[in-house]
Amino acid sequence: MRTIKTIQDARLLRKARVFTDTFTAYLEEEFLGLKEAFDFDGLDEDFTLSMYGYIVVLEKGDNLCDLSVVGLDRRNGGLLGSLPEFVEKWERNGECWYKVVVIYSNEYGMAFYLPFEAITDDEQVISWLEEQVERDAIFQRTGEER
């Protein structure tokens, strides 16, 4: 599991080359988009997601049913027991990943990213993610709220 709270975290993740350049570039874009959404006018380096909820990148071997370190307790099923605000499937340059946003309170939410290669062996996780993506697509088409 990798966490991104600052632009430096995102840039270090890119330099570490743990993930592809396409994916880490996307994470940097997302971070900067959040900075803009929170209307922060200072330097990129001064902005932190600590008080809003941060970006969590899940890796192969992470137990998605017990993410208590980021507030999703195993007694409640971890990520798979959460009620995400939305789930999106992203595809770029032949790569695929999921974005799962879980809102903890009015002021705090986490964005979880799951690169497809991290979950390819787990049919339960893939099935759950695809169900969430499909449910959100239905809600978007009908204009209903979740």
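Colleague: In which element is the place of Lys99?

Modeller: This is a predicted model, in which local features need pLDDT of at least 70 and side-chain atom pairs count only at pLDDT 80 or more, while totals for chains, interfaces and linings use all residues. Residues are numbered from 1 along each chain as its sequence is written, and side-chain values use heavy atoms, with hydrogens and water left out. Helices (H or I, at least four residues) and strands (E, at least two) are DSSP runs numbered from the N terminus. On that basis, Lys99 has its place in strand β4.

Colleague: Is Lys99 buried or exposed?

Modeller: A residue is buried under 20% relative accessible area, exposed over 50% and partly exposed in between (1.4 Å probe, protein chains only). Lys99 has a relative accessible area of 12%, and is therefore buried.

Colleague: With the side chain of which residue does the side chain of Lys99 make a polar contact?

Modeller: Contact means heavy atoms within 4.5 Å, and beyond four places in sequence Lys99 touches residues including Tyr26, Phe86, Trp90 and Phe112. A polar contact is a pair of N or O atoms within 3.5 Å; within protein, one must be able to donate a hydrogen and the other to accept it, and residues adjacent in sequence count only if both atoms are side-chain atoms. At 2.7 Å, the side-chain partner of Lys99 is Glu30.

Colleague: At roughly what angle do the axes of helices α1 and α2 cross?

Modeller: Axes are lines fitted to C-alpha atoms, for helices over the stretch in contact, and angles run from 0 to 180 degrees between N-to-C directions. The axes of α1 (residues 7–16) and α2 (residues 21–37) come within 9 Å, and they cross at roughly 175°.

Colleague: Is α1 roughly parallel or roughly antiparallel to α2?

Modeller: Angles under 35 degrees count as roughly parallel, over 145 as roughly antiparallel, 65 to 115 as roughly perpendicular and the rest as oblique. The crossing angle therefore makes α1, relative to α2, roughly antiparallel.

Colleague: How many residues of the contact of α1 with α2 are nonpolar?

Modeller: Among the residues making this contact are Ile7 and Leu13 of α1 and Thr24 and Phe31 of α2. Ala, Val, Leu, Ile, Met, Phe, Trp, Tyr, Cys and Pro count as nonpolar, Asp, Glu, Lys and Arg as charged, and the others, Gly among them, as polar. The contact has 1 polar and 4 charged residues, and the number of nonpolar ones is 7.

Colleague: The backbone oxygen of which residue does the side chain of Thr24 reach?

Modeller: Thr24 lies in helix α2 and is buried, with a relative accessible area of 1%. Beyond four places in sequence, Thr24 touches Leu13, Arg14 and Phe19. At 3.3 Å, its side chain reaches the backbone oxygen of Asp21.
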